[in-house]
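Biologist: I would like to learn how to read a few features of a model. Please give the general idea before each case.

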Amino acid sequence: MFKNHFTLIYHGAHLEISFVTSNPGKFSEAEKILNKYGINIVHAPLHLEEKRSESVEEIAEGCALRAYSALRKPLFVEDSGLFVPALNGFPGTYSAWVLKKLGNEGILRLLDGKERAAEFRCAIAFTEGKDVRLFTGSVRGRVSGSIRGNGGFGYDPVFIPEGEEKTFAEAPSLKDSLSHRARALQKFGESLSRK
Ligand code: IMP
């Protein structure tokens with residue numbers, strides 16, 4: 001399935017895709033996974049206004065179209081968030097804002113005495129200008145009792161994936177295989193390398 005050390009030929013040319021994101025952590029995770037499919041990505045740190053929605057798919061789709069209007073080349077964007085059923089899905093698509101305002105300490109306080117199940121969701125939206133193709137991924141797990149680990153970014157120090165004992169920040173290599181983003185990126189890479 002994985003094809004190492006080659007560059008994908010797509011529509012007769014070497015494929016280079018821009019990943020529009022202001023998050024360097026997301027970029028390095030994507031680069032590592034997509035390179036295995038022969039897809040070279042370049043970082044486009046464009047700031048995009050996000051339409052408000054509770055769906056990562058809707059947000060990613062809108063951002064992809066806005067980014068294409070600015071860049072006019074093949075690109076993808078990604079939207080993701082942490083969804084906690086005991087908080088009715090909060091922080092969900094407000095994850096970045098909530099992290100900035102409350103931090104991981106705030107999430108732990110909100111969950112005091114509550115069911116700690118949680119899920120990360122990710123939607124990747126790819127466009128070459130005409131339509132937008134969506135690839136999604138999710139990972140279930142739980143919110144830890146304390147902040148643990150220094151790797152990764154965002155909520156990684158408080159998220160333990162199902163079947164594991166360490167947080168993503170304690171074992172960042174877990175993210176390469178089973179994170180929400182890794183799963184969406186694998187579908188994206190497979191789809192492009194089938195062309
Ligand atoms: P976005 O940039 O609007 O997609 O913000 C998503 C936010 O969700 C990020 O800023 C992080 O706070 C959080 N998030 C998304 N993916 C991850 C992850 O893989 N680990 C930890 N936090 C994440």
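Modeller: Start with a charge over a ring: a charge sits over a ring if NZ of Lys or CZ of Arg is within 6 Å of the ring centre and within 35 degrees of the ring normal. Here the charged end of Arg 121 lies over the ring of Phe 83, 4.0 Å from the centre of that ring. This is a predicted model, where local features need pLDDT of at least 70, side-chain atom pairs count only at pLDDT 80 or more, and totals for chains, interfaces and linings use all residues. Residues are numbered from 1 along each chain as its sequence is written, and side-chain values use heavy atoms, with hydrogens and water left out.

Biologist: How many aromatic pairs does the structure hold?

Modeller: Rings of Phe, Tyr and Trp (its six-membered ring) pair if their centres lie within 6.5 Å; planes under 30 degrees apart count as stacked, over 60 as edge-to-face and the rest as tilted. The structure holds eight such pairs. One of them, Phe 19 with Phe 76, is stacked, at 4.3 Å centre to centre and 15° between the planes.

Biologist: Which parts of the chain does the pair link?

Modeller: Helices (H or I, at least four residues) and strands (E, at least two) are DSSP runs, numbered from the N terminus. Phe 19 belongs to strand 3 (residues 16-20) and Phe 76 to strand 5 (residues 75-83), so the pair links distant parts of the chain, 57 residues apart. Ring pairs also join Phe 19, Phe 27, Phe 76, Phe 126, Phe 135 and Phe 188 into a cluster.

Biologist: Is Phe 19 buried or exposed?

Modeller: Buried means under 20% relative accessible area, exposed over 50%, partly exposed in between (1.4 Å probe, protein chains only). Phe 19 is buried, as is Phe 76.

Biologist: What is the phi of Arg 72?

Modeller: Phi of Arg 72 is near 55°, a positive value in a residue other than glycine. Arg 72 lies in the loop between helix 2 (56-71) and strand 5, and is exposed, with a relative accessible area of 58%. Asn 88, also not a glycine, has a positive phi of about 55°. Its loop runs between strand 5 and strand 6, and Asn 88 is exposed at 78% relative accessible area.

Biologist: Which polar atoms lie by the ligand's oxygen atoms?

Modeller: A polar contact is a pair of N or O atoms within 3.5 Å; within protein, one must be able to donate a hydrogen and the other to accept it, and residues adjacent in sequence count only if both atoms are side-chain atoms. A polar side-chain atom of Lys 26 is 2.7 Å from a ligand oxygen atom, and a polar backbone atom of Ser 80 is 3.0 Å from one.
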